[in-house]
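Q: I am new to this kind of picture and would like to learn how to read it. Could we go through it together, one feature at a time?

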Amino acid sequence: PIADISEHIEITPGVCGGKPRIAGQRIKVAAIAQMYLDMGESLEEIASKYNLSLASVHAAMAYYYDHKQEIDRQTAEGEAFVEEL
């Protein structure tokens, strides 16, 4: 059977700013994408470093690609807010 991405990704108002994250963790999908795409870490390295299942890390990247525009916009807005401070 094909895994349901909701087994691995959750969005909870009030947790991590309501942003998508690894289920049961406080690691946001955007952080996984940044480590993989911007910092060049492999998905295996990320899973090992944060004690995550490889499936959850792959699910995070699948979720990221399905919602790339929205997640990139939220990340850019967060960075702009920090710069203003």
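A: Gladly! Let us start with C16, which is found in the loop between β1 (9-10) and β2. Before going further, please note that this is a predicted model, where local features need pLDDT of at least 70, side-chain atom pairs count only at pLDDT 80 or more, and totals for chains, interfaces and linings use all residues. Residues are numbered from 1 along each chain as its sequence is written, and side-chain values use heavy atoms, with hydrogens and water left out.

Q: What is the phi of C16?

A: Here is the general idea: most residues other than glycine have a negative phi. C16 is not a glycine, yet its phi is positive, about 55°.

Q: Is C16 buried or exposed?

A: The words have cut-offs: buried means under 20% relative accessible area, exposed over 50%, and partly exposed in between (1.4 Å probe, protein chains only). C16 counts as buried because its relative accessibility is 14%.

Q: Where is N51, and what is its phi?

A: N51 sits in the loop between α2 and α3 (54-66). It has a positive phi of about 55° although it is not a glycine. At 72% relative accessibility, N51 counts as exposed.

Q: How many helices and strands are there in the protein?

A: Helices (H or I, at least four residues) and strands (E, at least two) are DSSP runs, numbered from the N terminus. The protein has four helices and two strands, and along the sequence they follow the pattern β-β-α-α-α-α.

Q: Which residues does R21 touch?

A: Contact means heavy atoms within 4.5 Å. R21 is found in strand β2 (residues 21-22). Not counting residues up to four places away in sequence, R21 touches H8, I9, E10, T12, V15, C16, I27, K28 and V29. With a relative accessible area of 6%, R21 is buried.

Q: What share of the contacts in the protein joins residues 24 or more positions apart?

A: Among contacts with a separation of 6 or more, such residues account for 41%.

Q: How do I read an aromatic pair?

A: In general, a pair of aromatic rings is described by the distance of the centres and the angle of the planes. Rings of Phe, Tyr and Trp (its six-membered ring) pair if their centres lie within 6.5 Å; planes under 30 degrees apart count as stacked, over 60 as edge-to-face and the rest as tilted. A search of the whole structure finds one aromatic pair. It is formed by Y64 and Y65 and is edge-to-face, with 5.4 Å centre to centre and 65° between the planes. Y64 is buried, with a relative accessible area of 5%, while Y65 counts as partly exposed at 46% relative accessibility.

Q: Where does E45 lie?

A: E45 lies in helix α2 (residues 43-49). Its relative accessible area is 43%, so E45 is partly exposed. E45 and M35 are ten residues apart along the chain, and their C-alpha atoms are separated by 9.7 Å.

Q: What radius of gyration does the protein have?

A: The radius of gyration is taken over C-alpha atoms, and the globule rule is 2.2 Å times the number of residues to the power 0.38. With 85 residues, a compact globule would have a value near 12 Å; the protein has 13 Å, which agrees. Its C-alpha trace spans about 45 × 30 × 20 Å along its principal axes. Of the 85 residues, 29% are buried.
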